[in-house]
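Hi,

Here is the structure I promised to pass on to you.

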Amino acid sequence: MHDTHLIHESDPGMAYRERQAWLALAALAAGYGPLFGALALGRPVFGRPIVTFLILLTVASVVRVVVLALGAWWLRRSRPGDAAQPIDERDRHIAQRAMMVGYICLMVWMILVGMVMPFHSEGLELVSAALFGLVTAEALRYTAVIAGYKRR
Amino acid sequence: MSLPPITNEIRTLRFLAGEMTQAQLGELAQVTRQTIAAIERGHYSPSLETAFRIARAFGKPLEEVFHWEEC
């Protein structure tokens, strides 16, 4: 019997794609968290509600892109070896499952927004609900990616 | 009836291959270091192609690297 204690490597750490999923989730929260918070308060900050919505949406999108870009730069810089590696079969498995989770969430939400909500809501409320569905589906997809790496 | 889990000898074979690291094996098998770690721990079952690549990296037949737990 060979003693294999010498090759017990330290915890391999988070996979690069798992780090990317955490980053994407953080960018979503940083960008769209304040937007939905402001929408939930329901008070138009910049005159008409649609103007407030469009300004907040623009700010949220810019914040998301900036957080993603800075995070991606930092990830590549801190882990150049991992960043250079192409995705492998496990990454693809996890991404496919997560995509399915996000897709199902998106479909359910869009059915609600497109087929149920129009009976009692209109205008900006519908748009906000649709946007919330998109963001929730994305967030669920990234959460499923993270859960996939924890499980597998 | 559930089948017994598949185990592997990757850790031992890495040791016998001059303390080959997970990263080195990953390079030979064309997967990431984290995937090798997950396979080693039994958390992930590789595709047949990857299993063959791992076996070839050690110069062993597949059944000497992966086998049913009862064997």
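Let's start with a pair of helices in chain A. Helix 1 (residues 16–41) of chain A packs against helix 2 (residues 49–78) of chain A at an angle of about 160 degrees, and their axes are 9 Å apart. Angles over 145 degrees count as roughly antiparallel, so helix 1 of chain A is roughly antiparallel to helix 2 of chain A. Their crossing is right-handed. What kinds of residues make up the contact of helix 1 of chain A with helix 2 of chain A? They divide into 18 nonpolar, four polar and two charged.

One thing to keep in mind as you read: this is a predicted model.

**Chain A as a whole**

Chain A has five helices and zero strands, so if you follow the sequence along you get the pattern α-α-α-α-α. Of its 152 residues, 21% are buried. Take the contacts in chain A with a separation of 6 or more: 82% of them are between residues 24 or more positions apart.

Is Ala24(A) buried or exposed? Ala24(A) has 21 other C-beta atoms within 10 Å, and a residue needs 20 or more to count as buried, so Ala24(A) is buried. If you leave out residues up to four places away in sequence, Ala24(A) touches Leu68(A) and Tyr142(A).

**Helix 2 of chain B and its partners**

Now over to chain B. The axes of helix 2 (residues 22–29) of chain B and helix 3 (residues 33–40) of chain B come within 8 Å and cross at roughly 100 degrees. Angles from 65 to 115 degrees count as roughly perpendicular, so that is how helix 2 of chain B sits relative to helix 3 of chain B. Which residues make the contact? On the side of helix 2 of chain B they are Gln22(B), Ala23(B), Leu25(B), Gly26(B) and Ala29(B). Helix 3 of chain B brings Arg33(B), Thr35(B), Ile36(B) and Ala37(B). Sorted by type, the residues of this contact are five nonpolar, three polar and one charged.

Helix 2 of chain B also packs with helix 4 (48–58) of chain B. Here the angle is about 120 degrees and the axes are 8 Å apart, which makes helix 2 of chain B oblique to helix 4 of chain B. The crossing is right-handed. Leu25(B), Leu28(B) and Ala29(B) of helix 2 of chain B meet Thr50(B), Arg53(B), Ile54(B) and Ala57(B) of helix 4 of chain B. That contact divides into five nonpolar, one polar and one charged residue.

**The cores**

The largest nonpolar core has 14 residues. Which of them touch the most other members? Those are Ile10(B), Leu25(B), Ala29(B), Ile36(B), Ile39(B), Ile54(B) and Val65(B). Helix 1, helix 2, helix 3 and helix 4 of chain B each give two or more residues to this core, and the largest share, four residues, comes from helix 3 of chain B. Leu25(B) is a handy one to look at: leaving aside its neighbours within four places in sequence, Leu25(B) is in contact with Arg14(B), Met20(B), Ile36(B), Ile54(B) and Ala57(B). Another core lies apart from this one; it has eleven residues, among them Tyr16(A), Ala21(A), Tyr142(A) and Ile146(A). As a bit of background, nonpolar side chains tend to be buried together in soluble globular proteins.

**Two loop residues**

Glu19(B) is not a glycine, yet Glu19(B) has a positive phi of about 55 degrees. You'll find Glu19(B) in the loop between helix 1 (10–16) and helix 2 of chain B. Glu19(B) has 12 other C-beta atoms within 10 Å, so Glu19(B) is exposed.

Gln30(B) is not a glycine either, and its phi is positive too, at about 60 degrees. Gln30(B) is in the loop between helix 2 and helix 3 of chain B. With 15 C-beta neighbours inside 10 Å, Gln30(B) counts as partly exposed.

Happy exploring!

Note on methods: Residues are numbered from 1 along each chain as its sequence is written. Chains are lettered from A and ligands numbered from 1 in the order in which they are written. This is a predicted model: local features need pLDDT of at least 70, side-chain atom pairs count only at pLDDT 80 or more; totals for chains, interfaces and linings use all residues. Two residues are in contact if their C-beta atoms, placed from the backbone, lie within 7 Å. Axes are lines fitted to C-alpha atoms, for helices over the stretch in contact, and angles run from 0 to 180 degrees between N-to-C directions. Angles under 35 degrees count as roughly parallel, over 145 as roughly antiparallel, 65 to 115 as roughly perpendicular and the rest as oblique. Ala, Val, Leu, Ile, Met, Phe, Trp, Tyr, Cys and Pro count as nonpolar, Asp, Glu, Lys and Arg as charged, and the others, Gly among them, as polar. A nonpolar core is a set of buried Ala, Val, Leu, Ile, Met, Phe, Trp, Tyr and Cys residues joined through C-beta atoms within 7 Å. A crossing is left-handed if the near helix is turned anticlockwise from the far one by less than a right angle, and right-handed if clockwise.
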